[in-house]
Amino acid sequence: MLIALDKSGQVINLLCIKTSEVADLKTQHLLCPACQQRVYLKHGKIRTPHFAHVTLLSCAYNSENESFQHLSLKKALFYWFAKTAHVTVEQFLPELQQIPDLLVNDKLAVEVQCSMLSAARLRERTKGYQSKHYQVIWLTGKKLWLGKRLTALKQQFLNFSLHVGFYYWEIDHSKKELRLNYLIHEDITGRLHYLVQHFAFGSGELLTILRQPFLKTGAQLRVPPQQNIAAYIRRQLHYKHPKWLKIQELYYHHGQHILAGKQDMNQVFPVGLNYLTYQFEGLKVPEFCQIIRPIKSYYRQFISYQHTHQDAPLYSPLVYATVFEGNLKRT
Ligand SMILES: [Zn+2]
């Protein structure tokens, strides 16, 4: 952690004091702002100076095994925000019993997530912020970068806007950059396809960069033609992949064959849209705990557009909404 309270209850922020003053803290009586227990300064040669609890058991809010990566990313973001915004680091929010890594202009919580956590814990922390009307943005560290496939946990980091569709923030300690993955789609084999935008640390205004998903973009994504889908499904059934056996069963149940008419099928979809089963089960939206806006109409508009535009690239949800609403006005 980077902050502590001194004897008089003043907040000491290691990112805001002079280097020459840091050493003096070694002999001071210091407390954790969250649990009020004793902390002390750790000041090694390699790691950023930071505070640690005297006894490991004492604090429910801080994890002591905070990595070098996490500490230095917090530091970099703090200075970047501080150029243009009011920012605090590790401010304890009593109404939530949570400590966001950074709190910007008293309403935006920015969390740098470098270590694994359970999807349940992520959901709980996100809902906590939402319930008290804080906006929260999760920046994922290396272990949680989006990569080629979605996991149950990564699904809960996904966010959504009409301008860029599904998006996902990554933070890169070694390249010193933020990345916005957007227009995220998934093909029928579970592989992800998306565009990436890079922002070097310190370049531009960070709040503006974080608002990027809400700015107009003409972005589109072309995914090269996929493999023979019927052959792919046949192979999955041959190896008794549970997911595909379940879909096959659903088709049988409705007197249809899963492979019938699949040759020319569109194979890339917005994340979470189960194209193969919606005709039987209706459009189901899986849980995305970051996403508050309803996205069923996006799924619906995507499907109707793709029916008549097989070779079109993938667009932002706004494009489908505009086409769809345009059609409505004409009829
Ligand atoms: Zn504590």
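## Salt bridges

A salt bridge is a side-chain nitrogen of Lys or Arg within 4 Å of a carboxyl oxygen of Asp or Glu. In this predicted model, local features need pLDDT of at least 70 and side-chain atom pairs count only at pLDDT 80 or more, while totals for chains, interfaces and linings use all residues. Residues are numbered from 1 along each chain as its sequence is written, and side-chain values use heavy atoms, with hydrogens and water left out.

A search of the whole structure finds 10 salt bridges. One of them joins Arg179 and Glu170, with the closest N and O atoms 2.9 Å apart. Both Arg179 and Glu170 are buried, where buried means under 20% relative accessible area, exposed over 50%, and partly exposed in between (1.4 Å probe, protein chains only). Through salt bridges that share partners, Glu170, Asp172, Glu177 and Arg179 are joined into one network.

The side chains of Lys74 and Asp101 meet in a salt bridge at 4.0 Å, N to O. This pair links distant parts of the chain, 27 residues apart: Lys74 is in helix α2 (residues 68-82), and Asp101 is in the loop between β6 (87-89) and β7 (102-104). Helices (H or I, at least four residues) and strands (E, at least two) are DSSP runs, numbered from the N terminus. Lys74 and Asp101 are both buried.

Arg123 forms a salt bridge with Glu287, and their closest N and O atoms are 2.9 Å apart.

Gln156 is placed in the loop between α4 (152-155) and β10 (159-161). Its relative accessibility is 4%, so Gln156 counts as buried. Contact means heavy atoms within 4.5 Å. Not counting residues up to four places away in sequence, Gln156 touches both Arg123 and Glu287, along with Ala119, Leu122, Phe288, Cys289 and Gln290.

## Packing of α6 against α7

Two packed helices are described by the angle between their axes and the distance between the axes. Helix α6 (residues 229-238) and helix α7 (residues 242-253) pack at an angle of about 105 degrees, and their axes are 8 Å apart. Axes are lines fitted to C-alpha atoms, for helices over the stretch in contact, and angles run from 0 to 180 degrees between N-to-C directions. The helices α6 and α7 are therefore roughly perpendicular to each other; angles under 35 degrees count as roughly parallel, over 145 as roughly antiparallel, 65 to 115 as roughly perpendicular and the rest as oblique.

On the α6 side, Tyr232, Ile233, Gln236 and Leu237 meet Trp244, Leu245 and Gln248 of α7. By class, this contact has five nonpolar, two polar and no charged residues. In this scheme Ala, Val, Leu, Ile, Met, Phe, Trp, Tyr, Cys and Pro count as nonpolar, Asp, Glu, Lys and Arg as charged, and the others, Gly among them, as polar.

## Leu183 and Ala219

Leu183 lies in strand β12 (residues 177-187) and counts as buried because its relative accessibility is 1%. Leaving aside neighbours within four places in sequence, Leu183 is in contact with residues including Val164, Phe166, His193, Leu195, Ala219, Leu221 and Tyr315. Ala119 is 64 residues from Leu183 in sequence and 23 Å from it in space, C-alpha to C-alpha.

Ala219 lies in the loop between α5 (206-210) and α6, and at 16% relative accessibility Ala219 counts as buried. With neighbours within four places in sequence left aside, Ala219 is in contact with Tyr182, Leu183, Leu195, Tyr315 and Ser316. The C-alpha atoms of Ala219 and Gly44 are separated by 46 Å, the two residues being 175 residues apart along the chain.

## Helix α9 and the whole protein

In α9, the buried residues include Tyr298, Tyr299, Phe302, Ile303 and Tyr305.

The protein has 10 helices and 14 strands. Its C-alpha atoms fill a box of roughly 75 × 45 × 35 Å, taken along the principal axes. Of the 331 residues in the protein, 49% are buried. Among contacts between residues at least 6 apart in sequence, 58% join residues at least 24 apart.
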